[in-house]
Structure formats: structure tokens, C-alpha cells
Amino acid sequence: MKERILVTGGTGYIGSHTVVELQNAGYDVVIVDNLSNSRADVVDNIEKITGIRPAFEKVDCLDFAGMDTVFAKYDDIKAIIHFAASKAVGESVQKPLLYYRNNIGSLINMLELMPKYKVEGIVFSSSCTVYGQPDVLPVTEKAPIKKAESPYGNTKQINEEIIRDTVASGAPVSAILLRYFNPIGAHPSALLGELPNGVPQNLVPYITQTAIGIREKLSVFGDDYNTPDGSCIRDFINVVDLAKAHVVAIRRILEHKQKEKVEVFNIGTGRGLSVLELINAFEKATGVKLNYQIVGRRIGDIEKVWANPELANKELGWKAETSTEDTLLSAWNWQLKLRERGIQ
């Protein structure tokens with residue numbers, strides 16, 4: 001019998017790609033999502049890619065009774081991948097209480113329900129934001145956690161601590177915290193990708209929307225950083241590669257291969273690319289010229305960060321494999337497909 005995995009936020013950007021990879025790996029999937037930042041037809045597109053329709057429950061993870069009902073209905077859930085969270089850094093500065101309530105409350109509900117329904121483990125969607133501006137690059141899992149630059153980043157730090165404290169209390173659960181860097185790109189089928197509500201908060205959707213004419217101009221925030229071309233440097237990882245890391249993390253939990261009850265892995269490429277390098281790579285991959293301008297720095301932006309992914313490479317047997325060019329081309333194909341569908 002197939003093992004059943006619950007994916008919260010499973011119709012979102014990273015969640016939907018992870019559902020595809022879980023199903024391809026032979027798992028049964030239940031998606032829980034309140035559709036606050038995604039669309040119901042994502043489930044249709046997952047079915048088109050995999051030939052399997054995942055179970056879908058429209059429930060808010062903050063709704064304890066609603067989640068209790070989900071666990072009772074699917075009483076053989078073995079593990080959870082917890083994506084469901086508000087995720088816009090800028091918005092979190094404007095609406096901190098929304099972020100603290102949503103991101104922390106939803107995790108607490110999962111951790112309270114797991115022992116009741118004998119759910120063995122949780123893979124938590126964390127972030128490189130916990131490192132702030134690292135003292136040493138590339139950054140390893142042993143790097144100190146810095147004071148968060150935003151309420152969003154702080155919720156990731158607090159949630160990591162909540163998971164550690166829960167496991168340390170003797171709760172019968174284990175956890176893998178995946179700290180990922182900057183997910184970009186789309187599924188090669190162009191059936192799944194990043195679909196931001198309103199003005200994109202992330203760089204690549206803004207690039208593709210500018211390239212297709214939805215946005216007039218792309219702003220590059222600062223060219224006076226201490227980097228080779230003056231623009232910020234990030235570790236951009238293909239979203240399908242990232243999704244596969246969740247599958248191997250789930251397998252590690254279910255096969256009881258963890259060396260500790262709480263493990264942490266950086267999920268990145270190990271290579272830093274500047275904003276301007278990414279723009280050039282997009283133009284080269286697609287043949288489309290971008291209208292962009294250099295503007296002043298943006299508050300809260302970190303100068304440079306990229307991963308040392310050696311621990312994930314060695315322990316999980318996982319590695320980022322997709323080239324930057326192929327990743328950017330997939331994002332462009334997704335944008336073209338959205339226009340075909342009359343979206344945006």
C-alpha cells in the first residue's frame with residue numbers, strides 16, 4: 001500500500017511542484033490549502049502531469065477543528081510537508097501580526113495533531129533568511145542564526161525553535177528543516193509555475209512579466225554593493241530540483257535514517273549569481289531583451305548569500321542539477337502559457 005503524505009500549501013508554487021514529485025515517487029498525497037495565494041485549477045494541472053489526481057481539502061491550517069477533520073478522514077497519513085505560510089517579506093513588515101498568527105499558529109496546529117494521529121514526521125519549509133548576512137560564504141548549516149530582517153524571516157526562526165522544543169519535550173515526532181535559497185523556474189510542462197497575486201515580490205516573475213509587457217520596467221535595487229557588478233548576489237535554485245529534496249527528506253524520515261530527531265539541510269546550488277547576471281542569463285536563454293533600470297537599494301536586502309549544500313549532497317544524496325538557462329527558459333515558457341490561458 002502506498003504511504004500517504006499530507007502537503008499543506010500544496011497548491012502553492014513550491015508545494016504543487018513537490019506534490020508532482022511525491023506522486024512520481026509513488027506516494028499518495030493529500031493537499032490542504034485555503035487558496036489564499038493559489039488557484040484550485042492547480043490540482044487539475046498536477047493530474048495532467050502525473051496522471052494521478054491528489055486528494056484536495058480546502059481548509060485553512062489555522063482552523064484546528066478543520067484540520068482535525070482532515071486527519072480523521074485520512075487516518076493513515078505518515079508524514080507532513082508543511083509549506084502553508086504567508087511569504088512576502090515586504091507585506092510582513094506592514095502586517096506583522098497577520099504573519100505571526102498565520103505562520104506560527106498553523107505549525108502549532110500540525111504539531112498538536114501529529115501525535116493524536118500517529119504521524120511520524122514533518123518536513124518544514126524553512127529559509128536561508130534565518131542566516132541574515134552570513135559572516136562566511138558559502139553558508140553552512142552551522143552558521144549562526146542572525147536577528148531576522150523581517151517578521152516573515154522571524155517566523156521561520158521561531159518555527160524552527162518551536163519544532164526543536166516540541167521534539168525535545170519527548171513528543172513522538174521527528175523533523176527535517178529544509179533551509180532553501182531562492183527558488184525559481186517552472187515545471188518543464190509549463191503547467192505549473194509561480195503565479196503571484198498582484199505585483200510580484202520575487203525577481204523572476206517580475207522579469208518574465210516585464211519581458212512579456214505586463215510590467216513596463218524592471219527595477220534593480222542597487223548597483224553599489226560590494227559584489228563584482230555591484231548588484232546583490234543570491235543562490236537561485238530550480239523549483240523542481242527543490243521539490244525533489246522534499247521527497248528524499250520524506251523518505252529519510254519514513255525509513256528512519258535520520259541521525260538526529262531534528263535535522264537541518266541547506267537546499268541550494270552552491271553558486272551565487274548576481275541580479276545583473278541573472279538578467280543577462282534570461283536574455284541569453286530566451287533571446288528577449290529586458291527593459292530594466294538601476295534604482296536605489298531596498299531596505300532589508302542582504303548583500304550576498306549562497307549555500308554550501310555539501311551536507312544535503314552527502315546525507316540526502318540530493319543535488320541541484322538543472323542549469324540556470326534551462327530554469328529561466330522554463331519560467332519564460334510558463335509566462336507564455338499563462339498568456340495563452342488568458343491569465344494576467
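**Briefing: helix 6 and the fold around it**

Helix 6, spanning residues 151–168, has 18 residues and reaches 25 Å from its first C-alpha to its last, which is close to the 26 Å expected at 1.5 Å a residue. The structure that holds this helix is a predicted model, and the protein contains eleven helices and 13 strands. Its radius of gyration of 19 Å is close to the 20 Å that the globule rule gives for 344 residues, so the protein is as compact as a globular protein of that length.

- Glycine 170 follows helix 6, and its phi is positive, near 100 degrees.

**Overall build**

- Taken along the principal axes, the box that the C-alpha atoms of the protein fill is roughly 55 × 45 × 40 Å.
- Of the 344 residues, 55% count as buried.
- Among contacts in the protein with a separation of 6 or more, 80% are accounted for by residues 24 or more positions apart.

**Surface and charge**

- The protein exposes about 14,900 Å², and carbon and sulfur atoms supply 49% of that area.
- There are 39 positive and 42 negative side chains, and the centres of the two sets lie 1 Å apart.

Methods
Residues numbered from 1 in each chain as written. Predicted model: local features only at pLDDT ≥ 70, side-chain atom pairs only at ≥ 80, totals over all residues. Heavy atoms only, no water. Helix = DSSP H or I, 4+ residues; strand = E, 2+ residues; numbered from the N terminus. Rg over C-alpha atoms; globule rule 2.2 N^0.38 Å. Buried < 20%, exposed > 50% of the residue type's maximum accessible area, 1.4 Å probe, protein only. Contact = heavy atoms within 4.5 Å. Areas by Shrake-Rupley, 256 points an atom, 1.4 Å probe, with all protein chains shown as cover. Lys, Arg positive; Asp, Glu negative; His and termini not counted. Charge placed at Lys NZ, Arg CZ, Asp CG, Glu CD. Expected span 1.5 Å × (residues − 1).
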